[in-house]
Amino acid sequence: MVGQWGKEDDKKVVVRCYNDLRDRIQMECMEKSCEIGNDQTFLFTDTLGDPICRIRNTPLFTMLVAEVGTKLVGCIQGSVKPVKFHDKSVNVGYVLGLRVVPPYRRCGIGSILVRKLEEWFVSRNVDYAYMATEKDNEASLGLFVGTLGYTVFRNPAILVNPVNPSQGLKLPSDIDIRKLEVEEAASWYRTHVAPTTDFFPDDIDEILQNNLSMGTWVAYYNNNDNVRSLAVLSVWNSSKVFKLRIGKAPLSYLLLTKVCNVLGSCLPFLGLTALPDLFTPFGFYFLYGVHGEGPLCGNLVRALCDHVNNMAASDEGGACKVLVVEVNGESNGGGDDSLMRCVPHWKMLSCDDDTWCIKPMKCEGKMTGLGEFNDMLWKLKSRPLFVDPRDV
Ligand SMILES: CC(C)(COP(=O)(O)OP(=O)(O)OC[C@H]1O[C@@H](n2cnc3c(N)ncnc32)[C@H](O)[C@@H]1OP(=O)(O)O)[C@@H](O)C(=O)NCCC(=O)NCCS
């Protein structure tokens, strides 16, 4: 026995469904002992006492735990939903929240958990399993790509912008912003976004009607010269689901925080924005369905982001400290500007290489083999992804 999570080699690993009454307390301890990140930044998730908060909003979900004796040593979550992929309606299974406590790593428990989840996916008629991780998470990529046959298929960027709490950002006077009704937004997404994106959720109405969905806004020019340009985005209030906290931050962020805070209080006329404290648990808004059309859509996307900043700044209790958008690394939306360039974000807080991996669950029936599957992924590489806010 070594410490709290000591190995008991003589005991077998049992994988079973999570039981809220029995497992909740041990789950929280396990989450705390499993940090994710690289040498500089460790991101902790505070599930606000609900271990399955990240999957609750999908139509079908499960959580499995690995147990040795009476101790939980690992867990995994999965959710299933219908999406458009490769111009077809398919069921995809999202793998998330995989954790194995440090003393039990490299004993095959992570692989067992993923394989059990894949069996559950197959029993729920899932066509493809997919997962996302950071490009420098060697253990995760070693496991999924190296051992379990997943293929890296996209590298979107996660753009993070601190909410400016003090000043309302002023929007350009020639741009108007209007909130869309849920039906209007769903129909707009179906006609304008679904045909050009992958992973567009068939149940978009459910997402837009969810309590966490704050609404959908369209921005357009109010003069007749630029009527061809418009931009749309929807906002999901992740603050109500879970909180994040940075354990160790890049040195540059620590220095900048100090400089801005000292200068801001000594020389208020400089108007410097105080940087948010990301070391205590913070909430965020996730901006999804970000889409622009026309030559000036970049400015409209920027105006929408500023509009959401102002909403977040007046959020109850200042719970929302950052805005998060996930976009393809490539250009999107038909305008001159790529979303990467027009969505305001801080490079030092953002991650420019999130790594999405996929594996077909029904290889024999629909594809002649993995070669054909990889060819298909290659052809679709430039299509933007619709990032479902329920996957965040
Ligand atoms: C990722 C994680 C779940 C792996 O669990 P695990 O039980 O150690 O994985 P396994 O023992 O089944 O490993 C199977 C294979 O994956 C690869 N792998 C696992 N850990 C690895 C590491 N640290 N570096 C490189 N490859 C690794 C190896 O190929 C390994 O086979 P081997 O041990 O025969 O060489 C675990 O490291 C963990 O909890 N990490 C922190 C949380 C996290 O990053 N989760 C993934 C989020 S997507």
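This is a predicted model: local features need pLDDT of at least 70, side-chain atom pairs count only at pLDDT 80 or more; totals for chains, interfaces and linings use all residues.
Phe199 sits in the loop that links H4 to strand E11 (200-201). Although Phe199 is not a glycine, its phi is positive, at about 70 degrees. Most residues other than glycine have a negative phi. A second residue with a positive phi that is not a glycine is Asn125, where the angle is near 65 degrees. Asn125 is found in the loop between H2 and E7. Here the surroundings are described by 14 C-beta neighbours inside 10 Å, so Asn125 counts as partly exposed; a residue needs 20 or more to be called buried.

Attention now turns to the sheet. Six strands make up an open sheet with mixed pairing, and their order is E9-E16-E15-E13-E12-E10. The edges are taken by strand E9 (157-162) and strand E10 (175-180); each has a single partner strand, so one side of each is left without a neighbour in the sheet. On average, neighbouring strands of this sheet are turned by 25 degrees against each other, with direction ignored. Strands of a sheet pair through backbone hydrogen bonds, in either a parallel or an antiparallel manner. E9 and strand E16 (residues 320-327) run antiparallel and are joined by six bridges. Within this pair, Ile158 stands opposite Glu326 in E16.

Two helices pack on the sheet. Helix H4 (residues 182-193) touches E10, strand E12 (213-221), strand E13 (230-237) and strand E15 (283-293), and its direction makes about 55 degrees with that of E15. Helix H7 (residues 297-313) touches E10, E12, E13, E15 and E16, and its direction makes about 160 degrees with that of E15. H7 is mostly covered, with 13 of its 17 residues buried. From its first C-alpha to its last, H7 reaches 24 Å, close to the 24 Å expected at 1.5 Å a residue.

How values were computed. Residues are numbered from 1 along each chain as its sequence is written. Two strands pair if DSSP finds at least two bridges between them. Helices (H or I, at least four residues) and strands (E, at least two) are DSSP runs, numbered from the N terminus. Axes are lines fitted to C-alpha atoms, for helices over the stretch in contact, and angles run from 0 to 180 degrees between N-to-C directions. Two residues are in contact if their C-beta atoms, placed from the backbone, lie within 7 Å. The expected span of a helix is 1.5 Å times one less than its number of residues. A residue is buried if 20 or more other C-beta atoms lie within 10 Å of its own, exposed if 12 or fewer, and partly exposed in between; C-beta atoms are placed from the backbone.
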